[in-house]
Structures are given as C-alpha cells and as structure tokens.
Amino acid sequence: MSTEADATAPPPPTAPARRVRVVVRGVVQGVGFRPFVYALAVRGGLTGHVTNTGDGVVAEVEGPSAAVDGFCARLSAEAPPLAVVESVETAELPCAAADGDRGFRIVASRSGGPARTLVAPDTATCAECLAELADPADRRHRHPFIACTHCGPRFTIVTGLPYDRDHTTMAGFPLCADCAREYEDPADRRFHAQPVACPACGPRLRLVTSDGEEAGDPVAGARAVLAAGGVLAVKGLGGYHLACDATRADAVAELRRRKARGDKPFALMAARVEDVGHLVRVDDVERALLTGRTRPVVLLRRRDGLRHTPGLPVPADAVAPGSPDLGVLLPYTPVHHLLLGGLGGADAPRLLVMTSGNRSGEPIVTDDGEALERLAGLADAWLTHDRPVHVPCDDSVVRVCDGRPLVLRRSRGYAPLPVALPFPVGPALAVGGDLKNVFCLGEGDKAWLSAHVGDMDDLATQEAFGRAERQLESVTGVRPGLLAADAHPAYRSGAWARRHAAGRPVVRVQHHHAHVASLLAEHRVPDGEQVIGVAFDGTGHGADGAVWGGEVLVAGYAGFRRFAHLAYVPLPGGDTAVRRPYRMALAHLHAADLPADPDLPCALACPAGEINVLRRQLETGLACVPTSSMGRLFDAVASLAGVCHRAGYEAQAAVELEGAAVGAGEVAEDPRYAFRLAQAEGPLTASPGPLLAAVVEDVRAGVPAGVIAARFHLAVARLVRSVAAAAREATGLATVGLTGGVFANTLLSSACARGLTADGFRVLRHGEVPPGDGGLALGQLVVAARAGAPYDPHHGHD
C-alpha cells in the first residue's frame, strides 16, 4: 500500500560499505577457486578483485557489510569440489576512492615471497569431460588430453608457484583462439584450467613401435598391439605403465618374464566396476574408492569361486598367483578411457594388466627418450605424447579394513596433500627408509609426504629421490634446517642425508619408534602423551644392533621404552633368509629346540647341500644376526605349513599365508597355538616355541594349510592382547597403536583391534598414512622435531 507519507519520506539510509582483504589457504589453486570467488562476489553485488599468490588466493571485496559477511562465510561452505579450504583470514581495509574498483576483476597472479599454498593432486577425468570425450559433436571428441578445473593433471605438471600455465609443463602449448576464449571466461568450466587444450593446440598422442614406425591412429594401433598379445608402454600422468591384455595367459606370462617379476601380483585396470564384480567382492567403500576422483589401485578380496559369467572377462591365473586379493583400478585419464572399452569399440580390451613402467628395482620412467631406451626389451610399442611429466608419481594402493580405507602406498591422487601435525615443527626433512621410500617435508602444522619413490638400492632411484626432494621443496616453500634419518648405519637414505646435510644437524631415529610416532602424528595425539605401540614388521635396526621387528614399545614423540618383543632367533645369511622362508622355518625350529625332520615341508624345500651348511650356521652362529622380526615368523610358519618356501617379492610368504587363512573361513582359536611369555631382566619376551610345536603337529596330522594359517593369525592377535594387558598393568596406559608393515594384513589387524576393543583399549590404526615403511618419514619428522629446537614461525620468512 502506498501513502502520501510514504511518497514524501526520505529514502532509507544506505548500508555503510566495508572493504575486506581475504586470504584463503589450502588447496585453492588449479581447482577453479578464482572463478568461484568471482561468481560469489558478482552475485553479492561486491566490487574488488582476486588473484593467486604464493600464499594462497587473495581477494579484496567491497560492499554492504552483510554482503561482505555472506561472501566470507560462503568461501568455505560452497567451495569447488576439488578445493580444500584450510583457513580464511580477513582484515579490514579502507574503502576505495570514488574512482577505485568498478565491478569485480580477476587479476594476474603475483609471485614472490614464500610458497605457502597447496598444490592439488592429479585427479581422474570428471563426468562432464567424459561426456564431451564421447560426444561426436563436441570439438574435444576423443581428445586424449581433455581436462577442466575439476579434473586432470596438477601435481605432476607443476614446475613452480603460483599455479599458472607458465608454471606447468603446459607452458609449451599456446592456447588456440577457442581454448583462450574458454580460459578467459569466468563463467566457463575451463576458466584458468591450466591443462586446458584441444586437438588444435594441445599435446599429441602417438604410437611408436619397436622398429621406430608410427601408427596413423595411435589408439587403434595400441589396441592392435594388445590384441596381438603384445606389451604396450603407456605414458600416464606420473610416468609410464606397461600394459597387456589381462585375459591372455601368454601376454601376462611374457610381461612377467620380461620384468623378472616372479609371482608378484599385477594390478588390473578395468573399464567398469561391473567388469570385475564376478571376480571380487566390492562393498560401498571400495566402490567409492574405485570410482572417485583419486582412483587408486584397490585391493579387493577374491570371490570364493570364480563366476564364469557370459560376456564378462576373466583374467589369466598368472595376474596375481597366490594372492587373496586382486588389485583393481579404473581408468583415470582420457587415454585410458580411449584404450579400454568404456567408450565403445569392439576391438577394445576389457581388462588390462597395468604395472609400473620400469625394470625391477628401478624408478618409474617419465622421460620419453629414457622410455624408448630403458623399456626396450620390455615393450613392443609405446603409446606416448609430448606433454612432459615433471614429477614422477606412481599409482596409489589402498585396501579397506573394517569399513575404513587403509592407504598402503600414498602417491598419485594423494600427494602432495599435507598431513596435519599435532604440534608445530620447524622446517625439516625426513628421508624415510630404504624400502618403499617416501620422504617428508614439514614446517608449522603441516607435513608433506612425497609420492612413492621406490627402493633405494638402485642408483637411479637415489637420483630420482634427489629430484623429487628439490621439487617438493619448491612447491611447499620448506627450506629444511634439520634432517632426520633411520638409525640403520648402512641405509642409503641415511647416507644421502649425511651427504646433503651441509652443516645442518641429522637426527637418527630408531625404526620402530618412527613407526609408532607416525601413527601418533596421523591421529594428532598431543605431545607428551604415550601409547602402547605394537610395531610389527620385517626388518628394522634395533638399539642393541639386532634386527628388530616384533616390538611392543611404550612410546611418545620424545622417546620410547622397549616393553616387550619376540624372542630372538638367528637370521641365517641375512637377506638370503628373507628370500628363502624355509631358512626362517629351520632357524625357528632350531631356536625352539624342535627337530627339523627331513619330511617337514621346510626341510624338503631346502636343497640337500644347503641344509647341511645351514645347520652348521645355526649351531655356530656364523653369519647369523639375531632377529625379533614378526615378519620373519610369518615367513617361518608359511614354509612350515607348505604355503610358500621362496619369496620373489617383499612379504610374499606373509601375503600367501594371509590368503590361505582367508580361504579357510571361520576357524576357532586353538590353545596349543601359543607364545611363552617370560621376563627376567629387561623387556618381556614372547617365544613362539609352543606355537611352532603345534604347527608341526598339525602338519604331521594333515591339517589343511589354511586352517594352520588361520590358527596362527588368531594366536598372534591373542599375543597382542596379552602383552597389551601386561603393559596397561605396568604403566596405566589404555591406548594401543598398531603399526608396521605386518598390519597391512587386514585379517590380523581386524582380529587385534576387535580383541583389544573388547578388553577396553582405545585402538589406533593407520588410514591415510601407510603402516609400512611408506609412512616411516612422518614419524622420523615428528621425533626429530621434538628433539630439535622449538619451532620459530618466523624462521626464513622475514
């Protein structure tokens, strides 16, 4: 209703304007954050500008106070799907002059100063791009490098910060007019998407055969190589893979022979989840991992019986012999989708073996010239392209344990996302271990774990370590003033740290203490707290010079006390015993004063000439280092039960023993399978003598190997409960942490956690940080930082 008074009344007062500077930190570059800020500001009627800096995304906004407050609140709540907003800081500014900001602008990025923003991981091709890839009417139809702000390469193409095209390996591909128009349009999905390209201006896919010829249609030619049973080198986001048709037994056997792979399982790439549903069990968590943005290799339990469903592919037996799981991943690049049958094509394979493009022990190949040289003799053809890979990044490996993801190898899709620390640390570098090497940079409240580097016994891997360390320093801005390394005097990672210390202190951290500290840091356990840390693995240098690996520590970040351990047994011949589990079986029988009768599976597996030498070694102690390793006990039982006598890859015997136990189904605990606990002076010791006697008895009685394996797993879980109870009585602690590579075994991890929880313990287990040596560097970092100088947040940032 209108009145005369209304018409003559003065207009309501205009809300006073405010101007605010906003700094958004986290994963906010390369994920469409600036166009999101632009749209948010325009929708709220605000003026100002937004830019990328080394510190994050910085915006200045001006307008009515309520609109400014709403803008700031929505920055985190409505962020783009790939963004991770860690903090939003605001500061009041004077309003602009009358001739100041008009509208809202996206301005050029500003470099300089310390890099403190976070680079996004590489991300699987999104649904919108896949729809365009399959659409014959779209100008990017079947374009092998389709990407947008929601997907595509990030970490592997970054050469510097801030994250702009000229700081990526896309700098050499000038945008065509059509792509430039999309790139500059804030309303477009490809606005400032640095990998954006099209067939007119982007990288080129090509197929090179071993005789140097190139195919006219690279995808069709690659499919023909696979269909003929050949091995194809495929350039991915973080390096090369070697691929073959997984349904062809001859192709799988040939790839295994060429790589000298032994029986180590291969990963399978399937076009769709439905192509493996008849082979493995897939729950909702596993399906989400398979189909999500990260696309790791997911270890999935095999079905009890293979379902031969018409029309569905069946992999060759040699893909993963002896493993209870199949490692499965789905396509995560446009090239993968074109190669597999997801986009149609009668000649497309449904299942591919997809394994790292390298020779055994070497790092993954990333350089095109090196690929032609180093993969010669392994590959029959190379499906390659001219976009450089700046950062090597292997596939991540994940399994699900009790409904939660457990990362076993943290690499593509996860690196370089940081881990939040429980307390601030000064700038430091932890170099990790020698197996499955991953290093870690930390400063303030963040730690950055590198992508998977590999085993450090190869010179090429050590050189790759150095390049990766320099690159991670450049994108994190961390300039380490402290280094941390494993206490093992002969580790190559430790030698690298000493060579590169340049006057900086190098803190040596005991291996199992680092494992426990890694778990504590992952769970952000406060400094000063202690836990009962159960650290089970294969090998770790002990404080007494022995090889540890079956340890129960009372530990915090500042130190540890060895509360209990497996009783020492001789490790005859060092690494030779690791490769030949029958040696560990015979060593354990000797230590338990049990006869190694010649009809036992382990004795039958040992060559006649070797067994006599081995007996003399065990009697005299010659070349026998004492070990308390739980991993080696798994080896011994695997050989005693006839499951595995020779290991062609790390933890093969333990993997196959777990598989045998899983195959046995529900098995009741057997009280004969027991450890003898004793304590004189020093730590509590657990001798497996009674357990081994029961295993021998069952072998002689013809008890199936799977039942023996299941009883063994239950006995180890019962041991953990018993020792944890003793530790609680002695210390009053009620939190138990399960860590070390042995706890990649989900059957054991679940049994331990279930029993400990029933006993009233709080149980910590790994999730986003690997329990094995891939998580070691995080523990080294926090232990060394705790031992070093107090954190100075202004260090290096004047």
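Strands E14 (397-401) and E15 (404-409) pair in the antiparallel sense over five bridges. Pairing here requires at least two DSSP bridges between two strands. Helices (H or I, at least four residues) and strands (E, at least two) are DSSP runs, numbered from the N terminus. The model is a predicted one, in which local features need pLDDT of at least 70 and side-chain atom pairs count only at pLDDT 80 or more, while totals for chains, interfaces and linings use all residues. Residues are numbered from 1 along each chain as its sequence is written, and side-chain values use heavy atoms, with hydrogens and water left out.

Asp-402 lies in the loop that joins E14 and E15. This residue is not a glycine, yet its phi is positive, at about 55°. Asp-402 is partly exposed, with a relative accessible area of 45%. The classes of exposure are buried (under 20% relative accessible area), exposed (over 50%) and partly exposed (in between), with a 1.4 Å probe and protein chains only.

Further backbone features occur in other loops. Between E15 and strand E16 (419-430), the loop contains Pro-416. The peptide bond that joins Ala-415 and Pro-416 is cis, with omega about 10°. Arg-142 is found in the loop between helix H4 (127-134) and helix H5 (177-184). Its phi is near 60°, a positive value in a residue other than glycine. Arg-142 is partly exposed, and its relative accessible area is 35%.

Helix H7 spans residues 249-259. Its buried residues are Ala-251, Val-252, Leu-255, Arg-256, Arg-258 and Lys-259. Seen down the axis of H7, these residues fall within an arc of 165°, so they line one face of the helix. The arc is that of the directions from the helix axis to the C-beta atoms. An α-helix has 3.6 residues a turn, so residues three or four places apart point the same way. The buried residues of H7 pack against strand E8 (240-245) and strand E12 (351-356). Just after H7, Ala-260 takes a positive phi of about 50°.

Lys-259 belongs to H7. Its relative accessible area is 5%, and the residue is buried. With neighbours within four places in sequence left aside, Lys-259 is in contact with Leu-242, Thr-355, Ser-356, Asn-358, Ser-360 and Leu-378. Contact means heavy atoms within 4.5 Å. Lys-259 and Pro-363 are 104 residues apart in sequence, and their C-alpha atoms are 13 Å apart in space.

On a 1 Å grid over the protein atoms alone, a cavity is a set of points where a 1.4 Å probe fits but cannot get out, and a pocket is an open set with protein on both sides within 12 Å along at least five of seven lines; lining residues have an atom within 4 Å of a point. Grid points are joined across faces, edges and corners, and a volume is the space filled by probe spheres set on the points.

The second largest pocket holds about 660 Å³ of space. Its lining comprises 24 residues, of which Arg-301, Val-662, Thr-746, Leu-747 and Ser-750 lie nearest the centre. Strand E10 (297-301), E14, helix H19 (652-663), helix H21 (705-731) and helix H22 (746-758) each supply at least two residues of this lining. The largest share, five residues, comes from H22. By class, the lining has 10 nonpolar, five polar and nine charged residues. Ala, Val, Leu, Ile, Met, Phe, Trp, Tyr, Cys and Pro count as nonpolar, Asp, Glu, Lys and Arg as charged, and the others, Gly among them, as polar.

The structure holds five cavities of 30 Å³ or more. Of the 17 residues that line the largest cavity, Pro-144, Leu-237, Thr-333, Pro-334 and Arg-387 are the closest to its centre. Nine nonpolar, six polar and two charged residues make up that lining.

The second largest cavity has a volume of about 90 Å³. Residues that line the second largest cavity include Cys-401, Arg-404, Leu-738, Phe-743, Arg-765 and Pro-771. E15 gives the most to this lining, with three residues. The lining of the second largest cavity has six nonpolar, three polar and two charged residues.
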